[in-house]
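Could you walk me through this structure, stop by stop? Here it is, ready to open in your viewer.

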Amino acid sequence: MKEKVLAIVIAVVFVSMGLLFGYTLLNKTDELCELPVSEVTSGERGMLGIDKNINESNIDQYLGREDSVYRDMRMLKDVANYEAIGGDSYLSGFVKGFEVIPYPYLTEVKGLPDAVGKAYNGKTLFKQNEDGTYSANYEESLSILEYIFPKDKNIFLMCGGGGYAGMTKNLLVSLGWNKDKIYNVGGYWNYEGNNKIEVKRTVNGKDVYDFWKVNYHNIDFDSLTKVK
């Protein structure tokens, strides 16, 4: 009798372990499912380089992947007046899981709408040449870029309206990144998903920004070595 009970217990344990293993494997497979092709959409959004298959409307489905990194390319407070085109010069919120690294710190900002006025014109990691290529301003520039945008990962880029994200993709591809692993998922201003992290709040009628919530990549240019 004891042997029969022991056999039943062992069988139950093995079945439970099998079910647990299958559940884990199923969820791991689902987590790392094949991504749709990186494909630029049409129209005005296509001019910004926004992706057709992964964008603000469905990015929630692709968050938290171990094979990917998530980068928001906005400044905490942009010099350009994005309110003039219905946007926000402040980083008033972001999508959960995205880390912030300002595109204007990577290279010069070009091609903004006239309505927003002048852009940031300070130090940058790279300069843009007349032929559209990029040259490093500092000896560490490429290493910094490779650290923030690992080449062995899928890279999801976002900003306010999609422009900075598209410019970042152009920069990376020009410097040797695989364009098929980079997705410009558009702009936070159009995001209506379930993973908003609010940075902006109102206190006594005044706007307050909780930038402490932001996982922010700062670049200390003064510590870098200028290219001679």
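**Stop one: the sheet**

Start with the open sheet, where 4 strands line up in the order β3-β1-β6-β7 with parallel pairing. Strands here are DSSP runs of E with at least two residues, helices are runs of H or I with at least four, and both are numbered from the N terminus. Two strands pair if DSSP finds at least two bridges between them. Select β3 (99-100) and β7 (182-187) to see the edges, each of which pairs on one side only.

A word on what you are looking at: this is a predicted model, in which local features need pLDDT of at least 70 and side-chain atom pairs count only at pLDDT 80 or more, while totals for chains, interfaces and linings use all residues. Residues are numbered from 1 along each chain as its sequence is written, and side-chain values use heavy atoms, with hydrogens and water left out.

Now pick β6 (residues 154-159), which runs parallel to β7 and is joined to it by 4 bridges. Click on F156 and you will find its bridge partner in β7, Y183. Next, show helix α4 (residues 163-174), which packs on the sheet and touches β6 and β7 (contact means heavy atoms within 4.5 Å). The direction of α4 makes about 145° with that of β6; axes are lines fitted to C-alpha atoms, for helices over the stretch in contact, and angles run from 0 to 180 degrees between N-to-C directions.

**Stop two: the rings**

Colour the aromatic residues next: the structure holds 12 aromatic pairs. Rings of Phe, Tyr and Trp (its six-membered ring) pair if their centres lie within 6.5 Å; planes under 30 degrees apart count as stacked, over 60 as edge-to-face and the rest as tilted.

Zoom in on Y82 and Y164, whose ring centres are 6.1 Å apart with planes at 90°, so this pair is edge-to-face. Y82 is buried at 9% relative accessible area, and Y164 is buried at 5%. Buried means under 20%, exposed over 50%, and partly exposed in between (1.4 Å probe, protein chains only).

Move on to Y105 and F221, an edge-to-face pair with 6.1 Å centre to centre and 90° between the planes. Y105 is in the loop between β3 and β4 (126-128) and F221 in the segment after β10 (206-209), so the pair ties together parts 116 residues apart in sequence. Both Y105 and F221 are buried.

Then return to F156 and Y183: ring pairs link them with Y70 and F98 into a cluster.

**Stop three: the charges**

Select K151 and W177 to see the charged end of K151 over the ring of W177, 4.6 Å from its centre. For K77 over the ring of Y90, that distance is 5.2 Å. A charge sits over a ring if NZ of Lys or CZ of Arg is within 6 Å of the ring centre and within 35 degrees of the ring normal.

Which residue meets E99 in a salt bridge? Its partner is R71, at 3.3 Å from N to O. E99 is in strand β3 and R71 in strand β1, 28 residues apart. R71 is buried, with a relative accessible area of 6%. A salt bridge is a side-chain nitrogen of Lys or Arg within 4 Å of a carboxyl oxygen of Asp or Glu, and the whole structure has 10 of them.

Finish at K179 and D180, another salt bridge, at 3.2 Å from N to O. Here K179 is partly exposed at 48% relative accessible area, and D180 is partly exposed at 42%.
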